[in-house]
Structures are given as structure tokens and as C-alpha cells.
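Visitor: I have a few questions about the terms used for this model. Could you take me through them?

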Amino acid sequence: MKAAIIESVGKAVVGEVPDPTPGPRDVVVEVAACGICGTDLHILRGEFAPTLPVVPGHEFAGQVVGVGTAVTELSIGDQVAVDPSLYCYECRYCRDGHNNMCERWAAIGVTTAGGAAQYAVAPVANCVRLPEHIRTQDAALIEPLSCAVRGYDVLRTRLGAHVLIYGSGTMGLMMLELAKRTGAASVDVVDLNAERLATARRLGVSGSGASPDDLDRPQGWDVVIDATGSAAAIQDGLDRVAKAGTFLQFGVADYATRVTIDPYRIYNQEITITGSMAVLHSYERAAELFAAGVLDPDVFISDRLPLAQYPEALDRFAAGEGRKIVVVP
């Protein structure tokens with residue numbers, strides 16, 4: 001079958017790989033679409049540590065075309081979205097309910113072959129059957145949405161909060177949509193990318209600009225969310241948190257990123273700094289929110305490219321072009 005392959009650091013190609021074979025509790029999914037994510041760039045750049053080569057793609061959905069001998073929950077022909085998370089369920093963190101901190105953490109499309117291919121194999125427990133009204137190609141958005149849902153689980157925000165989001169890429173826009181639905185009094189978005197910022201305005205924001213200085217909130221924001229991973233944005237965001245407010249590191253920074261904090265201010269103003277990593281007990285809720293229309297796929301998905309153009313899709317994503325880019329086998 002055809003698949004994208006990250007062969008080595010800096011090198012992505014499209015080639016032939018063996019068709020996947022399901023284990024007893026696995027299903028084979030004919031991929032309808034697979035999203036490109038910042039994680040894919042980190043793998044390409046050698047900033048994550050999977051064994052290369054690997055077939056990437058952890059945001060995907062499709063049709064079940066094969067089932068293992070012990071699978072009874074799904075049937076051939078079912079449309080599913082796939083949670084890529086693979087946990088050991090045995091380590092301290094899994095036993096404590098923090099599976100995303102698993103000491104043997106793995107993921108489809110990161111440490112094992114993923115959905116940037118014609119077919120992918122997944123445990124049946126990781127598959128969520130989709131209702132008929134959802135276009136299966138659009139359901140590649142469920143995985144990033146589940147990360148955003150996890151972010152809001154971490155925040156535990158109060159009604160009436162004033163929220164500032166750095167970045168209006170896919171994840172920033174998803175956090176915007178969730179903020180609007182979780183009782184925020186205002187949601188402001190800043191971004192240096194004018195095209196992406198225009199999309200945030202289209203979705204509905206209280207204020208927007210290239211910098212928080214363009215907005216009228218000198219006292220700061222109750223909740224500040226970084227969805228960029230940029231050191232400059234993170235540093236600025238830490239300084240914009242209001243007293244008793246919370247800063248959420250949601251964007252994926254590279255390993256070398258460093259910022260400076262003010263310990264006295266954190267103590268004196270009771271500021272919370274926290275992070276959110278991937279998916280945790282949030283995938284099925286994200287699927288339900290998606291089915292209920294929390295996102296407009298036609299706004300979020302800007303490009304649908306053939307699988308053969310996977311390297312070009314990565315380049316476009318790295319250049320900050322478009323919003324969510326998906327490849328279609």
C-alpha cells in the first residue's frame with residue numbers, strides 16, 4: 001500500500017509499505033483523511049524520539065475494512081475516528097489515571113505506523129464509531145479537538161473569565177471555540193499571521209490584533225493560553241496574566257525553548273502556570289462535541305491534498321500556510 005514515510009531526520013517520502021495485519025483485538029481502517037500536526041514536524045526534525053523510519057499520522061478517520069478474530073464491537077463498513085494514544089495501563093501514572101504520562105507512552109503515527117497511508121491498524125478500543133451525518137474525511141479533526149478538550153479539563157475555568165489566546169492556527173481556533181462555549185466573558189486572540197487572525201475574527205472574537213497591546217485590558221486576562229509554542233509568545237503571555245489568573249502552556253515548544261518567570265509575582269499574585277499534554281479521557285467527548293457541531297469543518301480544514309503530496313503538505317504546514325491541512329489517500 002501507499003504510505004508517507006519519515007525515513008530519517010529531515011526526510012519524508014511517499015512509498016510502498018506492507019499492508020497492515022490486525023491482531024485479535026485490532027481493526028484495519030481504510031483511511032479517509034489524515035491531518036498534519038506540529039507533532040509530525042517535531043518527528044521530522046528529530047525532536048521526538050520514535051524509531052525511524054515510521055509512517056506518521058495520528059489524526060485520522062476512515063472505514064473499517066478488516067477486523068481481528070476477537071473483535072465484536074465493530075463491523076466491516078463502520079466509519080470510525082481513531083484515538084492514537086497507546087498506554088501500558090500498568091505503570092504508576094496509568095494506575096493513577098494520568099495515562100498521558102505513561103512511562104511506556106506510545107501512539108499510532110508517532111511510535112507505530114499511523115494514518116498517513118491507505119490503511120492503518122488500530123486497537124478496537126481506540127476506535128469511536130461515527131454517526132451517519134458526519135463526513136468521515138472531516139473527522140480527522142476529532143483528535144486535535146480532543147487535545148483542546150483536555151486543555152479545558154486542566155484549566156477548570158470559572159464562568160465569566162476573560163481569556164487571551166496566542167495563536168490562531170488550528171489549535172488556537174479550537175481553544176477559541178471551546179472558550180466561547182464554556183462561559184467566557186470575553187475571548188481575545190493575537191497572532192502575527194494576518195490570514196489566520198482573519199479566520200479567528202470570522203469565528204467571532206471579542207478582540208484581536210498582532211499584540212495584546214492592541215487590546216484594551218491593562219489589568220490582564222484571567223486565562224492566558226499559548227497555542228504557538230513560540231518563546232516570544234510564551235514570555236509575553238506570562239506577563240499578561242491577571243492576579244489570581246492562570247497561564248496554560250498548550251502549544252508544543254521545542255526542547256530548547258526557555259523563558260523567564262518571576263517567582264515573587266507568582267507567589268504574590270497567586271498565578272497558576274500549568275500545561276496540557278495530548279489526550280486524556282477526552283477523545284469520546286470530543287467526538288460527541290464534533291458530532292454536535294462545535295466546529296465547522298469547512299472553516300477549519302483549509303487544504304485537502306492527495307497522499308502523494310505529503311512532503312509538500314508538511315512544507316506548507318511548516319510555513320504557516322492555511323489552517324488544518326489534511327492528506328487524502
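Visitor: What covers the buried residues of H10?

Guide: This is a predicted model. The cover includes strand S1 (2-8), strand S2 (11-16), helix H1 (38-44), strand S16 (301-306) and strand S17 (324-328). The buried residues themselves are Tyr-310, Ala-313, Leu-314 and Phe-317.

Visitor: Why is Asn-99 called buried?

Guide: Buried requires under 20% relative accessible area. Asn-99 has 6% relative accessibility, so Asn-99 counts as buried. Asn-99 lies in the loop between helix H2 (92-95) and strand S7 (106-107). Beyond four places in sequence, Asn-99 touches Tyr-87, Tyr-89, Tyr-93, Cys-94, Trp-105, Leu-280 and His-281.

Visitor: Tyr-87 and Tyr-89 form an aromatic pair. What makes the pair edge-to-face?

Guide: The centres must lie within 6.5 Å, and the planes must be over 60 degrees apart. For Tyr-87 and Tyr-89 the values are 5.9 Å centre to centre and 80° between the planes. The structure holds 2 aromatic pairs.

Visitor: Are Tyr-87 and Tyr-89 buried or exposed?

Guide: The cut-offs are under 20% for buried and over 50% for exposed. Tyr-87 has a relative accessible area of 17%, so Tyr-87 is buried. Tyr-89 has 58% relative accessibility, so Tyr-89 counts as exposed.

Visitor: How do you know that Ala-200 is buried?

Guide: Its relative accessible area is 0%. The limit is under 20%, so Ala-200 is buried. Ala-200 is found in helix H5 (residues 194-203). Leaving aside neighbours within four places in sequence, its contacts are Ser-168, Leu-173, Leu-176, Val-189 and Val-205.

Visitor: Which residues have the most contacts inside the largest nonpolar core?

Guide: Ile-142, Leu-145 and Ile-225 do, in a core of 47 residues. Helix H3 (residues 142-155) gives the most to this core, with 7 residues. Beyond four places in sequence, Leu-145 is in contact with Met-174, Leu-178, Ala-286, Leu-289, Phe-290, Val-294 and Leu-295. A second, separate core has 34 residues, including Ile-6, Leu-41, Ala-107 and Leu-307.

Visitor: What makes S12 and S15 edge strands?

Guide: The open sheet has 6 strands in the order S12-S11-S10-S13-S14-S15, with parallel pairing. Strand S12 (207-209) and strand S15 (272-275) each have a single partner strand, so one side of each is left without a neighbour in the sheet. The twist averages 15° from one strand to the next.

Visitor: How do you know that S10 and S13 pair?

Guide: At least two bridges are needed. Strand S10 (residues 162-166) and strand S13 (residues 221-226) are joined by 4 bridges, so they pair. The two run parallel. Val-163 has Val-223 in S13 as its bridge partner. Helix H4 (residues 170-181) packs on the sheet, touching S10, strand S11 (186-190), S13 and strand S14 (241-249). The direction of H4 makes about 170° with that of S11.

Visitor: What joins S5 to S9?

Guide: There are 3 bridges between S5 and strand S9 (residues 127-129), and the strands run antiparallel. The requirement is at least two, so S5 and S9 pair. Val-80 stands opposite Arg-129 in S9.

Technical notes:
Residues numbered from 1 in each chain as written. Predicted model: local features only at pLDDT ≥ 70, side-chain atom pairs only at ≥ 80, totals over all residues. Heavy atoms only, no water. Core = buried A, V, L, I, M, F, W, Y, C linked by side-chain atoms within 4.5 Å. Buried < 20%, exposed > 50% of the residue type's maximum accessible area, 1.4 Å probe, protein only. Contact = heavy atoms within 4.5 Å. Phe/Tyr/Trp six-rings, centres within 6.5 Å; stacked < 30°, edge-to-face > 60°. Axes fitted to C-alpha atoms, helices over the stretch in contact; angles between N-to-C directions.
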